[in-house]
Amino acid sequence: MCRLRHAPCAPYTPDYDSVDRLKAASLAPVAVNPVQPNNPEAKVNKITLRGARLGAANGTFARYVEEALIRDLKEAGLYSAEAPTRISATLLVNDVDVTGFVTCDGTLDLEVVVTRADKPRLRKTYKMVTHFDSNFMGMIALQHGMAAYPQLVHAALKQIYVDPEFINAIRN
Amino acid sequence: MSLPRSIRLAAALSVVALLGACAHPLSLDSPTGPARNDATLVAKKVGYVITDADRARQVTTPGGGGDKVSYFPYRDIEKSLRQALRSVYQDVTSLPAATPAAVGPAGVGFVFTPVITTTSSSPSAFTWPPTKFSTEIACTVTDAQGAQIAQFKVTGDGAAEFDEFKSDHSLSARRSVKEAAEKFAQAVRRDPKLR
């Protein structure tokens, strides 16, 4: 099979346990501002897997995270585009490294700011590192990297949803 | 300078071992699932049990060309299973276990506990993605007190040929999961005990 130069990452799947806990927690509706940086040329929006560029189906990785966040909040019945409680997020670190032959890492740091009626309620940076299988054969390592990104976002968002400080920030 | 024969042999065996251990990752996540129609939903809250141990369970089955494929069936199929239940019931929640301690506080009417079994194959000698994939979901349904209400089994079969799967190696698996989820929703809708 030919060598891939552009590798699409797999679709995002939520952590339903934590999403359901948000749903059961009687929280205020929240809106989500566009996740930054939205520039496709920003370093965090470019991930290279042994020469192939990992691509998010919806444009940038910032957009990928934003859509995952909105989707989870809708699943929890909490999303409202006009809500006074707003979540802003900035990708600070975003990488999937498949240079290892046996195991590799995904790294994602996300700064989250929650405001209500423009008053700050939370500013916190969440850091996530995930580990996954790799292979010394480039094509297989690439496939593992493509599958690993959604799990990295899944783990990072789960970390936010179970954080008591985040839950308090969006509480009524 | 040439390496001793034993070292060269060990290196060669290591490469063979690494190649033999190759399993290509697949994603079973189906992008679409059973449709939800608010007008026909059963006004009940139900739960389903997929434990963290289930989600972490990795399965390896045959692909083509002597290669294998590996994936996480429970983790990947959870979304479709949930969509299937959401197409029937007003509210759906995940549960960590089917025990009264876990079920009681959730306030659910029924608890669905699925057991997922998958198979894959390919007659190709040159390409690794499976051309055939099968997903079986055997499900036990209990009430909030743990009494069994129903039991059913559905199977989804997916097929994909090279021209289709060259841009999506998981295509036969996704098709199989989509069909299994549709059949799962139909089986729940058909059973009057699950209303």
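**Contacts between chains A and B and local features of the model**

Across the interface of chain A and chain B, eight residue pairs are found in polar contact, both members of each pair having a pLDDT of 80 or more. On the side of chain A that touches chain B, the elements that give two or more residues are α1 (16-23), α2 (61-75) and α3 (138-161) of chain A, and the largest share, five residues, comes from α3(A). When this side of chain A is divided by class, nine residues are nonpolar, five are polar and six are charged. The structure described here is a predicted model, and the values given for the interface are accordingly computed from predicted positions.

In terms of residues, 20 from chain A are in contact with 28 from chain B. The size of an interface is often given as the accessible area that is lost when the parts come together. For chain A and chain B, the buried area is about 2,100 Å², and carbon and sulfur atoms give 54% of this area.

Charged side chains also take part in the contact between the chains. Side chains of opposite charge can pair when their charged atoms come close. Four salt bridges are found across the interface of chain A and chain B; a salt bridge also joins the side chains of A:K23 and B:D91, with a distance of 2.6 Å from N to O. Over all chains, the count of salt bridges comes to 22. Within chain A, the side chains of A:R63 and A:E67 meet in a salt bridge at 3.1 Å, again taken from N to O, and both of these residues lie in helix α2 of chain A, where they are four residues apart, or about one turn of the helix.

A search of the whole structure for cavities of 30 Å³ or more finds one, and the volume of the largest cavity is about 50 Å³. The lining of the largest cavity is made up of residues from chain A, namely A:T13, A:P14, A:D15, A:Y16 and A:H154, together with B:R55, B:R75, B:E78 and B:K79 from chain B. Helix α3 of chain B, which spans residues 73-86, gives the most to this lining, with three residues. By class, the lining of the largest cavity holds five charged residues, along with two that are nonpolar and two that are polar.

The peptide bond that joins A:Q36 and A:P37 is cis, with an omega of about -5°, and A:P37 lies in the loop between β2 (30-32) and β3 (47-49) of chain A. The residue A:R50, although it is not a glycine, has a positive phi of about 45°, and A:R50 is found in the loop between β3 and β4 (52-55) of chain A.

Key
Residues are numbered from 1 along each chain as its sequence is written. Chains are lettered from A and ligands numbered from 1 in the order in which they are written. This is a predicted model: local features need pLDDT of at least 70, side-chain atom pairs count only at pLDDT 80 or more; totals for chains, interfaces and linings use all residues. Side-chain values use heavy atoms; hydrogens and water are left out. On a 1 Å grid over the protein atoms alone, a cavity is a set of points where a 1.4 Å probe fits but cannot get out, and a pocket is an open set with protein on both sides within 12 Å along at least five of seven lines; lining residues have an atom within 4 Å of a point. Grid points are joined across faces, edges and corners, and a volume is the space filled by probe spheres set on the points. Ala, Val, Leu, Ile, Met, Phe, Trp, Tyr, Cys and Pro count as nonpolar, Asp, Glu, Lys and Arg as charged, and the others, Gly among them, as polar. Contact means heavy atoms within 4.5 Å. Buried area is the accessible area (1.4 Å probe) that two parts lose on being put together, summed over both. A polar contact is a pair of N or O atoms within 3.5 Å; within protein, one must be able to donate a hydrogen and the other to accept it, and residues adjacent in sequence count only if both atoms are side-chain atoms.
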